[in-house]
Amino acid sequence: MNGILFLVVMIALLLAGVPVAFGLGISALLLMLLKSGSIQFNTVAQMSVAGINSFTMLCVPLFLLAGKLMNTGGITKRLFDFAKTVVGFLPGGLGHVNIVSSVIFAGMSGTAVADAGGLGAIEIQAMKDAGFDDEFACAVTCASSTIGPIIPPSLPLVVYGTMAACSVGALFIAGILPGILMALTMMLVVTLYAVKKNYPREAVPTWKSLVQSIKEGILPLMTPAIIIGGIYSGFFTATEAAVIAVIYSFILSFFVYKEMTWPMLVGVLRETVKDSATIGIILATSSLYGNALIRAQIPQQLLKLLTSSISSPMVMFLVLNLFLLIVGCFMETTSAITILMPLLNPIIAAMGIDPVHFGIVMVFNLMIGVLTPPFGMCLFVTSRVGGVSVVKLSKALAPWIAALLVTLLLITYFPQIALFLPRLTGLI
């Protein structure tokens, strides 16, 4: 009975527009009150602080800062120009450039919204100027931004690793092949569109232009190489990789390209602090929420209910995929992970599902959600940046979402796609 009341209160608060952090905290306090008849506020403080008192969580503000430095310091524009030279001659030209740019930028920022809002503005304008339909330009930009949280580094995977007590380094490496598969699937969609609508392509690059492009883009391209190579080799941890990314981005923006000024840096720092504080509050209250759930034995009851009717891990995966796709339509990614993992941890453990594999699948599901109404963040950001209505953009995204769903099924039922590299490197 307490569990049902708890869920009703939680859903009601979210529907009423209460911020996620407050909804989590209020629900947890109510559950504690119902369970024990009183609230021990010293315990509340300890549980909340435990949610953010983690060395791994330093990744969050650091990768946010690195992404913002790249957007402001001229790094993303150089990445786009490099991708334009390398793949712009393919059918659909700038559509492929858009996707490859997102793959490269994914190795730096780790967030879909940073990709859609920063690199996306450059991509959409270039595609419009080249004669692409507004809806297509915005759709490919919006869809390709979802690669960011799959290819390392990834803020959602950092949060998942913390909540699931799972190696963030293993999760980062596990995201490489699924992210590449996403990109190839999207490039296939671009090719089909290009053939059907006769979209323009860039000229085949000369050796001189290719060398010049590599020369301009080599320093930004070193960022993902340093991050992934350092984690892969064991030279530094995921958290230390975030520090390296910030320092490297700062050096490029200030001293190499000289497009960053001190007043601009102050603005970047303010935005980073604001975004980090928001995520931190959510994580703190979600820790309290998770402890309250466990004390009320709600995860245990849910586990008993599901395992009594589903015995196959593959069937359970299908059920969880459907559930997460629905959740992704209504909830921001970080919030969904922090709310759901206390419930899902015992289920995936009981089913023998590898937590690294499940982490990739979960984040992939939630990334599809950022493309869909009513709360798709990338949908709204791209709509604003590209000047296309949400309704038109939602329709244009339908083929991309279909392609992503096919990719999701492949990653779900062929776990070696996600687990091959972590096992090869000995991370799992």
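Predicted model: local features only at pLDDT ≥ 70, side-chain atom pairs only at ≥ 80, totals over all residues.
Let me start at Lys 392, which lies in helix H20, residues 390-396, where helices are DSSP runs of H or I with at least four residues, numbered from the N terminus. At 48% relative accessibility Lys 392 counts as partly exposed, a label for values between buried, under 20% relative accessible area, and exposed, over 50%, with a 1.4 Å probe and protein chains only.

Residues are numbered from 1 along each chain as its sequence is written, and side-chain values use heavy atoms, with hydrogens and water left out.

Now to the salt bridges, each a side-chain nitrogen of Lys or Arg within 4 Å of a carboxyl oxygen of Asp or Glu; a search of the whole structure finds three. One of them joins Lys 68 to Glu 271, with the closest N and O atoms 3.6 Å apart, and it links distant parts of the chain, since Lys 68 is in helix H4 and Glu 271 in helix H14, 203 residues apart. Lys 68 is buried, with a relative accessible area of 18%, whereas Glu 271, at 45%, counts as partly exposed.

Another pairs Glu 259 with Arg 78, the closest N and O atoms being 3.0 Å apart. Glu 259 sits in the loop between H13 and H14 and Arg 78 in helix H5, residues 75-87, so this pair ties together parts 181 residues apart in sequence. Here Arg 78 counts as buried at 18% relative accessibility, and Glu 259 as partly exposed at 36%.

Helix H14 also brings us to helix H9, residues 155-163: what covers the buried residues of H9 includes H4, H10, H14, H17 and H18. Eight of the nine residues of H9 are buried, so the helix is largely enclosed by the rest of the structure; among them are Pro 156, Tyr 160 and Met 163.

Finally, helix H8, residues 134-144, and helix H11, residues 176-197, pack at an angle of about 170 degrees with their axes 11 Å apart, which makes H8 roughly antiparallel to H11, a term for angles over 145 degrees. The contact, meaning heavy atoms within 4.5 Å, is made by Phe 136, Val 140, Ala 143 and Ser 144 of H8 and by Met 186, Val 190 and Tyr 193 of H11.

Conventions:
Axes fitted to C-alpha atoms, helices over the stretch in contact; angles between N-to-C directions. Helix = DSSP H or I, 4+ residues; strand = E, 2+ residues; numbered from the N terminus. Parallel < 35°, antiparallel > 145°, perpendicular 65-115°, else oblique.
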